[in-house]
Amino acid sequence: MLPYLALAAVLFSAGLFGVLTRRNTLGILMSLELMFNAANINFVTFNKFISPDNMIGQMFAIFVVVVAAAEAVVGMAIVLLIYRNWQGVNVDNMRIMKW
Amino acid sequence: MTEYSFLICLLPLFAFVMIVFFLRWKERVSAGFSIGMILISWVMSVVVLFETFGREIAYEAGYTFIDLPNFILEIGILIDPLTAVMLVVVTTVGACVEIYSVGYMDGDPLFSRFFAYLSLFLFSMLGLVLANNFFMIFIFWELVGLTSYLLIGFWFEKKSAADACKKAFLTTRIGDLGFLVGLFIIGVFIGTFNYQDVFQRVTEGVAAGWLAPGVVTTAAILVFCGAVGKSAQFPLHVWLPDAMEGPTPVSALIHAATMVAAGVYLVARSMHLFAASADASMVVAVIGIITSVLAATIAITQRDIKRILAYSTVSQLGYMIMALGLYGYDTALGHHSPGFYAGTFHLMNHAFFKGLLFLAAGSVIHAVHTNDIFEMGGLLGKMKKTGYAFLIASLSIAGIFPLSGFWSKDEIVASTHGHPVFMILTLLVAFMTAFYMWRLCFVTFFGKPRDQQRFDHAHESPNVMTYPLIFLAILSICAGWVGLPWLSHGFASFAYHGEAYHPHANWVLMGISTVVAVSGIVLAYLMYYKGSISPEKMAARFKTLHKLSYNKWYFDEIYDIILLKPIMALGRFMWTFDVKVIDGLVNGVAWFTILWADIKEWFDTWIIDGAVNGAGWVVCQGARIGRLLQTGSVQFYALFIMAVSVLFTVLKIDLVTGGSIFSGAAIWIIIGVAALSLLSRLVPKSDREVESEE
């Protein structure tokens, strides 16, 4: 079980790193997908090793994939609007909520 | 008509109200209305007088005003011969004066107000006369005092008039205080204020022994105090000469004929009290004769025409008071005396001829615009009506047969029978009266004019002023005839106290008084007309006496020293005390309050407000730091969220589960990532990297 969880942790960390450091909004969205999938691996792993009798973990993983798809659509729409307003997708430019 | 006699006093009140509220802007209408009302009153008074002739007992009517157990206060009228005579006297002189005033006050800016005041006075005076109890008479007593004050001070812009009205008001107030205390004694010891009840109970009480004679004496003397103030008797006579500052019609009406006679009326009205106390009566008689002599001696040397008449009035009032006092004394000792009849009879006659003298003097003043008789002279030729009226009145007051003054003065002399000192002094006053009145006449109306300019200016007054003079002159001659000693139903058997007195012609007395009067006139003739005795030489010869007389026995100065100065000093002391101590106390309290308020203000500003503002300041400064977190960068927020999550996670592991290697490892991995991310944000990116990302 440990290798699976380690993989998930690595994947999550990679996504987290991407979210925190990428300038490109699209890149952030992609890193986000990595973090989703790290969570999915955890779901599946725990389902397999802790309660293999039911399929709750798998169900949740599928559910997350579906929600992630929807989220990606919304995210892409936002990115499009950002692009229209700032003529670019660099998150560092978007600081109008600053004090 | 007697049942409606309360209207006699209410009509002038009606006139007063109408003038004050409705007619005051129309001067002639005001005067006319007021005269109309007093004329109606006059007619009613005359009718009431004739109805009173036929009645045996007095008419009394009233209603209860205050009903207490054992004590009843009522408002009512009492019509007996004395009242009826007074009503006629007051309304007659009142009507004459009001008509005369139309001429005298012509052109005065306060013309209507003058008539309003006169009407108010007449209401008060008639109410005083009509009252049937001591309570009511006191109310009207004060009302006449008030109107007297208003009328003396009618020309209030003149300082002497303003001072005179204050003096009159305050001086009479001293007497009124005694009167009031006398009323209290009557109320407490006798238990009623109604005249007839009081008199009946006094007679019964003294006889039965439940009323101490001392109480009656005290009450009588205190009531007499009121008369002393109002009738200007010694020692309160000082206000009357000063009251001459008022308009002359006022002097005639109030300070000669009616109001000053109110004191005499009061003594006559309360005669039962005096007749029950020989001591009180003797006090009255002595005060009367002192006043009479004193005023007569002063009148001899005065120069102001109105002041001579004023002192003459004081002197004549003293006569009446003395006659009444002697009557009370004799009656208390069981003797017969004509005093009561003499006093009231002289009161009536005096009202007519003294009213006339004042009105005539007013007419003279009106013509020559001065009060000093030594600036007049020879006016008889220019002012025939006024002059002859004045001469008639002077004859009357001097007591020359057969004018009215002769008859009443004779009776006053007769009433001193059995009191030789009084008789001598009375005759002396009669002599002086004749002398100073005729001195006045000779200086004013005869001889050569002393001031040509004033003489040329002089003229007879208009008819509206002279007709009242003529009417009063007729009364000055004839009014006394109602008291002829030969009449079987004359004045003496009409207005009397106790039992009717039947006068008899005393030829010796008549002879003596005529000689005295004529010798006074002759002396005045020799000194001031013929000049065979020089007045200046006489004055130089009796220098001390002349000085005393001319300076009015220094009464004003003495009162100033023994009364006014100490009172003023006391007043000043009180003022100082007030300013220094009382005000100091009050101001001290104020000062302390302000100080205390300052302390509280400081506390409020720095402690309370400081705490409130301090709280705001702390929040403000906290926010200034806290807002630095609001960077606007999404990734910074995410990093922050992550950092806090990590922190909480770490804390939880440490505190609850006690730690696990795996969790610890995962946490440390995440912390490492976070640190790397932060680092990568801080390190500036190379241009290439930025390009490739965009």
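Helices and strands here are runs assigned by DSSP, numbered from the N terminus. With that in hand, welcome to this predicted model. Chain B carries 27 helices and two strands. Its radius of gyration is 45 Å, well over the 26 Å that the globule rule gives for 694 residues, so chain B is more spread out than a compact globule. The C-alpha trace of chain B spans about 160 × 70 × 50 Å along its principal axes. Even so, 46% of the 694 residues of chain B count as buried. Among contacts in chain B between residues at least 6 apart in sequence, 79% join residues at least 24 apart.

**The two strands**

Strand 1 and strand 2 of chain B run antiparallel and are joined by nine bridges. One pairing to look for is E60(B), whose bridge partner in strand 2 is L78(B). Two residues lie between the strands of this hairpin, where N70(B) takes a positive phi near 70°.

**The nonpolar cores**

The largest nonpolar core has 205 residues, and the members touching the most others are F224(B), V264(B), V267(B), L324(B) and L356(B). Helix 15 of chain B gives this core its largest share, 18 residues. Apart from it lies another core of 10 residues, including A8(A), F12(A), L16(A) and I28(A). As general background, nonpolar side chains in soluble globular proteins tend to be buried together.

Leaving aside neighbours within four places in sequence, L356(B) is in contact with A389(B), A393(B), L469(B), L472(B), A473(B) and S476(B). Two of those partners, A389(B) and A393(B), are listed among the buried residues of helix 16 of chain B.

**A look at helix 16**

Helix 16 of chain B has 15 residues, which at 1.5 Å a residue should span 21 Å, and its end C-alpha atoms are 21 Å apart, in agreement. Of these 15 residues, 11 are buried, so helix 16 is largely enclosed by the rest of the structure. The buried ones include T386(B), G387(B), F390(B) and I392(B). After the helix comes G399(B), with a positive phi near 90°.

What covers the buried residues of helix 16? The cover includes these helices of chain B:

| Covering helix of chain B | Residues |
|---|---|
| Helix 15 | residues 339-368 |
| Helix 17 | residues 404-415 |
| Helix 18 | residues 420-445 |
| Helix 20 | residues 463-478 |
| Helix 21 | residues 507-530 |

Definitions and conventions. Residues numbered from 1 in each chain as written. Chains lettered and ligands numbered in written order. Predicted model: local features only at pLDDT ≥ 70, side-chain atom pairs only at ≥ 80, totals over all residues. Helix = DSSP H or I, 4+ residues; strand = E, 2+ residues; numbered from the N terminus. Rg over C-alpha atoms; globule rule 2.2 N^0.38 Å. Buried ≥ 20, exposed ≤ 12 C-beta atoms within 10 Å, placed from the backbone. Contact = placed C-beta atoms within 7 Å. Core = buried A, V, L, I, M, F, W, Y, C linked by C-beta atoms within 7 Å. Pairing = 2+ DSSP bridges. Expected span 1.5 Å × (residues − 1).
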